[in-house]
Amino acid sequence: MTVYNPFNPANTKDPYPVYKQMREEAPVWAGPLFGEVFVSRHADCVAILRDAERFSSDPSNLIRAEELSPQSIGGVFLSGKVMLFSDPPDHSRLRRLAQHAFSPSAIEGWRPRVRALATDLLAEYGPGDECEVMDALARPLPVVVIAELLGVPVSDHEKFASWSTPLARMIDPDTNMVESDYNAAMLAAMEFVGYFNGLIEERRGSPRDDVLSALIAAEEEGDRLTHDELLINLILLLIAGHETTSNLIGNGALALCEDPVARDQFVADPDGLARTAVDEFLRYDSPVQFTARTAKVDVDVHGVTLEKGRQALVMLAGANRDPAAFENPDQLNLTRTPNNHLAFSNGIHFCLGAMLARMEGQEAFPALLKKFPNLARVNDELVYRPNMTLRGLAELQVTG
Ligand code: HEM
């Protein structure tokens, strides 16, 4: 039997051949570990993501829920309801509370600030300079935005940013974690909670028009949000809002370095292409490679039985290269329309921050190309971060 392992660290540099193989040879593949199935075709992924009746996002529905290490994301989130890992009605309640801050008009209101920030972050670079894109732009831009959105004072931004990387490892499959990863994540979570408990107390007396104040108001009413839910959903916003968007910027910048024709096309019309280009980066090299759903009943997934309590691993990045859904899927096409990619998922958990992430990308890439119109890679060897769920570079040295 062929064993497909998209989580093998050997595939980190280029996971797309194994996704292709899975789509062609075993689109619904029963994995050897926990009775899970890997689903890699676009239509099958969409069907699962839209079927909230039979598929759950709540880890307590997992048959092996009791086996989850208390430090794993499943283990941690068994103790409190976090939007991403809950089902209706809890999911609807939590999502509604945060929704207001992510409305189209609220996000457009942030655009001038994001534009200024992207320009400022790159201000020190001149013609011919080398720039490490991850540290200069991709990491700081989203973290400052999410910190400001949550109302974290500027003096604490660095501290806030430092918790994100260890916390982001918590959403990887257990098999890819070592003890030091757990310990670093736990320490970051404890510091985060300590810090936010202080900020919450401070903000109670002087509410503002921000996400934190809205969530505190809901918590004070008692029946809408518990204190644990408040904290754990703040952690979600940090992880979801930071690492993902950093990787959109890093993966997109790399895609442009690898394709000078597309780069020149973008440079010629940055404002005209920004919207379709950002969605194409999301499709072409997706920041979130996969998500998971647990079967609430025995389900037939394209001829393969998924038992109740077992997981479907929905390979978003594999679906995004499916030739049945995209013409020339392995080709970067900055004007691709329509572009029904699954980088932000689909169904009731469709990314709450999609509009924000897109807007950040639409500002970041033109700012980068203005400084480096001949954007090109300096380092020969690409180094990726060890995360499996969130795909992104450790560094990307460019010039141009
Ligand atoms: C390029 C950047 C981003 C990508 C690729 C991305 C991707 C995703 C995906 C795939 C999901 C759903 C997973 C599932 O169905 O199980 C999701 C959910 C979510 N994202 Fe994003 N995300 C990005 C940026 C953001 C930002 C900037 C924020 C907010 C600051 C955010 C907040 C959320 C939240 C709160 C959820 C949970 C929604 C729910 O469960 O209803 N994301 N994101």
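Predicted model: local features only at pLDDT ≥ 70, side-chain atom pairs only at ≥ 80, totals over all residues.
1. Start with helix 1. Its buried residues pack against strand 1 (28-30), strand 2 (37-39), helix 13 and helix 14 (316-319).

2. Which residues of helix 1 are buried? In this helix, residues 16-25, they are Y16, V18, Y19, M22 and R23. Down the helix axis, these buried residues fall within an arc of 160 degrees, so they line one face of helix 1.

3. Now the whole chain. It holds 15 helices and 10 strands. Of its 400 residues, 57% count as buried. Take the contacts with a separation of 6 or more: residues 24 or more positions apart account for 71% of them.

4. Overall dimensions come next. The C-alpha trace spans about 60 × 60 × 40 Å along its principal axes. The radius of gyration is 21 Å, which agrees with the value near 21 Å for a compact globule of 400 residues.

5. Turn to the second largest pocket. About 310 Å³ of space lies in this pocket. Helix 5 (104-121), helix 13 (270-284) and helix 15 (354-371) are the elements that each give two or more residues to its lining. Helix 13 also packs against the buried residues of helix 1.

6. What lines the second largest pocket? The lining has 14 residues, and T119, E363, P366, A367 and K370 lie nearest the pocket centre. Helix 15 supplies the largest share of the lining, 7 residues. By class, the lining has 7 nonpolar, 2 polar and 5 charged residues.

Methods: Residues numbered from 1 in each chain as written. Heavy atoms only, no water. 1 Å grid on protein atoms, 1.4 Å probe; cavity = no way out; pocket = protein on both sides within 12 Å on 5 of 7 lines; lining within 4 Å. Points joined across faces, edges and corners; volume = space filled by probe spheres on them. Helix = DSSP H or I, 4+ residues; strand = E, 2+ residues; numbered from the N terminus. Nonpolar A, V, L, I, M, F, W, Y, C, P; charged D, E, K, R; others polar. Buried < 20%, exposed > 50% of the residue type's maximum accessible area, 1.4 Å probe, protein only. Arc of directions from axis to C-beta. Contact = heavy atoms within 4.5 Å. Rg over C-alpha atoms; globule rule 2.2 N^0.38 Å.
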